[in-house]
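Have the viewer open and follow along.

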Amino acid sequence: MATNQDIPKLSKELCNRLLTDLERARRPVLYATKCSLDNARYNHKVGYLTPGPKKVATELNVSSVKKMSRAIFMLEVLLRNLDSGAVNTKRELYYISKGEIKHNPELKPLDFADQDESDSVIDFICEMIECYREDLNCYANDRGGQTYSQNLIVTETLPDATKAVVDLGKLGTTPFQPKNRPQNLKLSSKKKLDFCLVVESEGTANTLVANGFTKRHNAILLGAQGVPSNAVRGWCKRIQDQLHVPLFFFGDLDAYTIQNIYRTLKAGSAASLIRNSDYSAPDVHFLGVLPEDIKKYDLNDYPVRENDAQEVRALKKAQDALKNDPFFQDKRNKGLSQILKWLLQYKRRCEQQAYFTVDPRDPTMPEKIIVDKIKRGDYV
Amino acid sequence: MAKIADSKNQKITTSSTAEYFSKNLQQVGFSSQVKAVLTTLKEAVDNSLDACEDHGILPEVSVTVEKVGQGSLKNSDQIRVRVEDNGPGVETDDLPKVFGEYLASSKFGRGRCSRGQQGIGISAATTWAQLTSAIGARVISKTDKMRKAIACLVEVDIKNNKGVIKDRETIDWDRPSGLSVEFLIDGRIQLNGDAGLLNYLNGTALVNPHLTMHYKLPDLEPNTIERVSTIIPDIPKATEPHPHTMKLGEFIAHSHLFGRVKVNVWLKKGFSRIHEGVLKELVKSGGIKASLLEKSVDSLSEAEFKGLFMAIQNTQLMAPSTKSVLSIGEESLAKSIQRIGAVDFFSVVTRRPTICDFKPVQVEVAVARLEDRSVDGDGPVQVLRFANRVPLQFDKSSCAIVHAITSVNWRAYGLAQPREALPIGPYIVAVSVVSPFIKFKNASKETIDASDELVEEIRRTLIQAGQRLSKHIRREVKANELEERMKHIEQFCPILVSGLCRITNATEARKKRAEDGLVKLLGRDARVTEKELKEAHKVLQAQTAEKQLALPLHPTAQ
């Protein structure tokens, strides 16, 4: 895996190789890791999805000359950013490319019709050099991961090597927002933390904090805000590796949550095979909602709506996942695949907020259930 | 109690067929003013074409539709619809029956692929004229036996369902035989769109290659569509009814046509697909006594009829014959499609006749791309539907033909298509269903009932047409792609090499070598590309010159 420092060197080597091939009138070929489920491997000892041997080869010919030209053009922009230390989002890079083309009419054929086109070129470069886009100074918006704790201290190493220290206990009700590149963060705690709870819904995480969760428990609480962003994934990995606290995920009981949210947090995704090592927290447990919780706590659940395209698609995907996804096929994850099977069989779903029905007059009831479940080891 | 007493005092009356239809003209195509004009024209033209075909005459029909004043109905115009033909004409005695009597038909229940079937349409048009303009149909008729033509006014005696002739006179007419019928009706003229008169006239021309039609419509120059075929369609004779398509009552009624003949003779002569072998089977496994077959038909009791009917229903019979259907044929359709506008290319398919829902059916399809792409290029394709060679112009969405078109994946053939909708583009998709027993959804024959079997048969025909069409579209797409590729080489090579050189800080000499190498490399591709492009162009030019995309895969089957 290339690091930030290697990239300019690797890029030059790559371009040199291409140029040499061209000088000899030989067809250059670019190889990129195939990032898809059919090239994903899972080993419970590793804990996350890793790339298999498949590579996508792009040979220079009349069909691929446009793609290659665009990749070299974008690489030049990114290398310039690395050189100057400038950072950009994908959207900004799209406009930077447009600007370059506007000021240099010879580049007109490279013009991107929409952002999807420039995004795919950036992804292609990452797969080719085997690096994160953050390594190319291309950052996503820091979405999700708002973190609360009375005892967590974060030390960030800034680009100029100075250190910024954030004591989360002193932030009041303001959460700490992890960055997209949490590799620069060092974590420590004032006293030993009992656990870290990742809540699917940011709103519910806020409610728990407002009701005093972090005051009563020596824990870290963070909201995932749906499918975890790179920031959330890297942040959880950081918490796991540096603090060695048990991690729990609390979210809805439905196929989408299990496959798209929890699986991505625990083992990464097929689309990001090359960076799952830094962007997954294999020790995170699924605390609930579990199918048995519905009966145990008499939770309100409801059938999957036939016209809810996202849910129907998620169920279909769950069927495929049971057959093809190495994560769900691993016998260590049998508990999770059993939940998927249950969802497919009963076609019902139950939301995390359903815990509020247990005692509607006690705002801390969900907290009590969560803590009780952790104590009793009632999780997958 | 009062209610019961009231109902007991109510008089039960009977009314004539004409009375029924005069109060329910919406059921036979007069539900709006636009439809009234189109239906009137359609009924007159259908009658002309049927008559010409029956008498082996190449039809030449003149149509005039014009606005003559304000109509008596609210927001309506008074319209004159006149249709003249060179057909056999109608004998004087038959004129009141044809134009003024409901259910008086020479075709009812005969099981032939004629346009008209029941004898309702033209009488309904006369009734509409009578109700809205207080004047019936003005007719001029001349048969080849008449020295002079007869001109008269035919009206419907609604109370008695009889036609009445008025103002009768004899006149000179410059043709050996023919018929002219003129209606003054209230309505509104719509020329364009699905329900437009032009759509009807073009559609009629498409499926009747042997027709020459002169038409004069408001705001348009008089026009003539010349015939492209001199072959008069030979409408196959009707076959005897198939017993599996009948109900018990029909079965018994059918026996009355035969009088005093033996049952076995009646069964063999009166039905298709019943022969000696079937009769033996009836005796052997159907539980029918051999003596019953020797009895006279008129002596059978109701129970015996029922037993015989049930036994036949339970016996395996060959499917009905498909000989009674009539096709336009791929060749004629191919010639005819070029009369409806300038088309780039097209494909036509005539399927073999087959059995759908126990009735013989033949489906033909023509798909054409219009040369003028600006005409609704982004809208859905123009669908022309035909049942027994009559255009269907209303209630498109529930028609079997539209169901079949939307069920085909046109994207596979190079056409854009939203999910479960008609494909998009400057195309005409014409589908003709011919059968002696078309199942319409209503008496006005606007929509074909979408039975699964029929939809599947139409779908298969469309798929065949689509496959033929796609060959052309793919070639065209390929040519475009190849052209695009050539452009790629010229555009991207210098950009790629410059980018690589900037990143590697390469020298000018290296840059030059790389450019030469790349040109050499892609030059090989370019030469291959150029060759492929030339070939693709050659094929396209040849096809455009021929204007015929694909030749029939097999000769038209009968």
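## An enclosed strand in chain B

Start with strand 9 of chain B, residues 343–350: seven of its eight residues are buried, so the strand is largely enclosed by the rest of the structure. Buried here means that 20 or more other C-beta atoms lie within 10 Å of the residue's own; exposed means 12 or fewer, partly exposed is in between, and the C-beta atoms are placed from the backbone. Strands (E, at least two residues) and helices (H or I, at least four) are DSSP runs numbered from the N terminus.

Strand 9 of chain B runs antiparallel to strand 11 (residues 359–370) of chain B, and seven bridges join them. Across that pairing, Phe345(B) sits opposite Arg369(B). Strands count as paired if DSSP finds at least two bridges between them.

## Ground rules

This is a predicted model, where local features need pLDDT of at least 70 and side-chain atom pairs count only at pLDDT 80 or more, while totals for chains, interfaces and linings use all residues. Residues are numbered from 1 along each chain as its sequence is written, and chains are lettered from A and ligands numbered from 1 in the order in which they are written.

Chain B has 15 helices and 14 strands, and 44% of its 558 residues count as buried. Take the contacts in chain B between residues at least 6 apart in sequence: 74% of them join residues at least 24 apart. A contact is a pair of residues whose C-beta atoms, placed from the backbone, lie within 7 Å.

Then there's an open sheet of eight strands in chain B, with the order 5-4-3-6-2-1-7-8 and mixed pairing. Strand 5 (162–171) and strand 8 (223–225) of chain B are at the edges with a single partner strand each, so one side of each has no neighbour in the sheet. On average, neighbouring strands of this sheet are turned by 20° against each other, direction ignored. Strand 2 (residues 77–85) and strand 6 (residues 178–187) of chain B pair antiparallel over nine bridges, with Gln78(B) partnered by Asp186(B).

Two helices lie across these strands. Helix 5 (residues 121–133) of chain B covers strands 2, 3, 4 and 6 of chain B, at about 45° to strand 6. Helix 6 (residues 197–207) of chain B lies across strands 1, 7 and 8 of chain B, at about 170° to strand 7. For these angles, axes are lines fitted to C-alpha atoms (for helices over the stretch in contact), and values run from 0 to 180 degrees between N-to-C directions.

## Where the chains meet

Between the chains, 27 residues of chain A are in contact with 26 residues of chain B. Helix 1 (6–23) and helix 2 (65–84) of chain A are the elements that give two or more residues to chain A's side. The largest share of that side, nine residues, comes from helix 2 of chain A.

Helix 13 of chain A (residues 365–376) has 12 residues and should span 16 Å at 1.5 Å a residue, which agrees with the 16 Å between its end C-alpha atoms; the expected span is 1.5 Å times one less than the number of residues. Its buried residues are Pro366(A), Glu367(A), Ile369(A), Ile370(A) and Ile374(A). Seen down the axis, the buried residues of helix 13 of chain A fall within an arc of 165°, so they line one face; the arc is that of the directions from the helix axis to the C-beta atoms.

On the other side of helix 13 of chain A, Asp372(A), Lys375(A) and Arg376(A) are exposed. The cover over the buried residues includes strand 9 (195–199), helix 5 (202–210) and strand 12 (285–288) of chain A. Just after helix 13 of chain A, Gly377(A) has a positive phi of about 70°.

Most residues other than glycine have a negative phi, and most peptide bonds are trans. Arg273(B) has a positive phi near 70° and, with 16 C-beta neighbours inside 10 Å, counts as partly exposed. Glu420(B) has a positive phi near 50°; with 7 C-beta neighbours inside 10 Å, Glu420(B) counts as exposed. In chain A, the peptide bond from Gly288(A) to Val289(A) is cis, with omega near 10°, and Val289(A) lies in the loop between strand 12 and helix 9 (291–296) of chain A.
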